[in-house]
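User: I'm new to this one and would like to learn how to read it. Could you walk me through the features step by step?

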Amino acid sequence: MSILEQALKKAVSLGYMKWGLIFGFANGIAVYSYYRENRNKYDLEAYQQSVTRYVSYQSGKMAETYIPKWLRSPLFSLFGYVYDVNYDDMLESLENYENFQQFFTRKIKSREFDNSVNKLIVPADSKVLSFCEVKDDSPILVKNVHYKLGYFLTGQETFEMTPQILNDAKKRQNTKLYSVIFYLAPGDYHRYHLPSDFQLKSRSHIVGHLAPVKISYIQNTPKVYETNERVALFGTYNFGLMNIVLVGATNVGSMTLNYDKEFQTNQKAQELFVYKHYDPNILLRKGDELGMFKLGSTVVMMFEAENVKWNIEEGQKCKWGDVFAEVS
């Protein structure tokens, strides 16, 4: 058992006008809370934990409000205009989505992708925030901003991912670890897929804040990724270790996992950290739908490889199924 796995187990013990007004008021409360938090750092944990989670929970509920059929097309068309939604790959007409949640989490036409073992595909329609080699506890989040990998993966603020621990986590010799981050905008397709065949060994659910993850916010606010609610999937792929982390954000109703229909996030927290080991491991196939964000957020990947040829650039818009790296 690696030091990382030990740390994870240790953590185990440790009306539309009305709709719009409620949604706007709730987000107003969140903005005010951020102002309050910046004034008083000592209140950050408790205040943001209560307010942002409450706002996001209520926003998720509002997104499930029924919309009359005559209003759906103009309403979703306006949203699509503002957030640059791609209507060409939709399976349903706008009139068939009974609420915002159905529209946000819409299925799309099937896509072909390169099934070669050595090619990793983009897990979601998204923008590339960063990609880098992981050498220590501070991979790049966005330009000039780093995140604490140990804290991010384990939920333990004092856990540092030292070079020795990173080396211990690898499954092969003469390999390196890499990080890549994909950000989903409000207009994007909100389901996420497997970047490769994936042998799922364990999962951690870290109940945290639900602060915004847009670039303008994370560039000016420390520890957003380390303290937001997230689901980390730990396992392996054909070339070694692979971790996939789904990060929540303000107004994200929940994150789902298709292989576990009972799993839910953004609920009233009973425990701040839940770790689950899968015995036997679960084999998930490349390209299969893994789950969805009920609104949008971020997918963070860390993987092992001896050599990597990147097919992406920072800031690039990409679609799920695109090849983002060729590995060996």
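Predicted model: local features only at pLDDT ≥ 70, side-chain atom pairs only at ≥ 80, totals over all residues.

User: Okay. How many helices and strands does the protein chain have?

Analyst: Nine helices and 15 strands.

User: And what should I look for in the backbone around proline 280?

Analyst: As a general idea, most peptide bonds are trans, and most residues other than glycine have a negative phi. Here, the bond from aspartate 279 to proline 280 is cis, with omega near 10 degrees.

User: Which residues have a positive phi without being glycine?

Analyst: Aspartate 84 is one of them, with phi near 55 degrees, and asparagine 144 is another, with phi near 70 degrees. Aspartate 84 sits in the loop between helix 4 and helix 5. Asparagine 144 is in the loop between strand 3 (140–142) and strand 4 (145–146).

User: Is asparagine 144 buried or exposed?

Analyst: The idea is to look at relative accessible area: under 20% is buried, over 50% is exposed, and anything in between is partly exposed, using a 1.4 Å probe and protein chains only. Asparagine 144 comes out at 71%, so it counts as exposed. Aspartate 84, at 68%, is exposed as well. For the protein chain, buried residues make up 52% of the 328 residues.

User: How do I read a salt bridge, and how many does the structure hold?

Analyst: Look for a side-chain nitrogen of Lys or Arg within 4 Å of a carboxyl oxygen of Asp or Glu. The structure holds eleven salt bridges. In one of them, arginine 111 meets aspartate 89 at 3.0 Å, N to O. That pair links distant parts of the chain, 22 residues apart: arginine 111 is in the loop between helix 5 (100–104) and strand 1 (119–121), while aspartate 89 is in the loop between helix 4 (69–83) and helix 5. Arginine 111 is buried at 19% relative accessible area, and aspartate 89 is buried at 11%.

User: What about arginine 285 and aspartate 197?

Analyst: Their side chains also meet in a salt bridge, at 3.3 Å, N to O. Arginine 285 lies in the loop between strand 10 (273–284) and strand 11 (289–292), and aspartate 197 in the loop between strand 6 (191–193) and strand 7 (198–206), so the pair ties together parts 88 residues apart in sequence. Arginine 285 is partly exposed at 43%, and aspartate 197 is partly exposed at 26%.

User: Are arginine 203 and aspartate 260 buried or exposed?

Analyst: Both are buried. Their side chains form a salt bridge at 3.0 Å, N to O. Arginine 203 is in strand 7 and aspartate 260 in the loop between strand 9 (240–247) and strand 10, so this pair joins parts 57 residues apart in sequence.

User: Now strand pairing. Which strand pairs with strand 1?

Analyst: Two strands pair if DSSP finds at least two bridges between them. Strand 1 pairs with strand 15 (residues 323–327) in the antiparallel sense over three bridges. In this pairing, lysine 119 has glutamate 326 as its bridge partner in strand 15. Strand 13 (residues 308–310) also pairs with strand 15, again antiparallel over three bridges, and tryptophan 310 stands opposite alanine 325 there.

User: Last one: how many disulfides are there?

Analyst: A disulfide is a covalent bond between the sulfur atoms of two cysteines. The test used is a pair of cysteine sulfur atoms within 2.5 Å, and by this rule the count is zero. As for individual cysteines, cysteine 132 is buried at 11% relative accessibility, and cysteine 318 is buried at 4%.

Technical notes: Residues numbered from 1 in each chain as written. Heavy atoms only, no water. Helix = DSSP H or I, 4+ residues; strand = E, 2+ residues; numbered from the N terminus.
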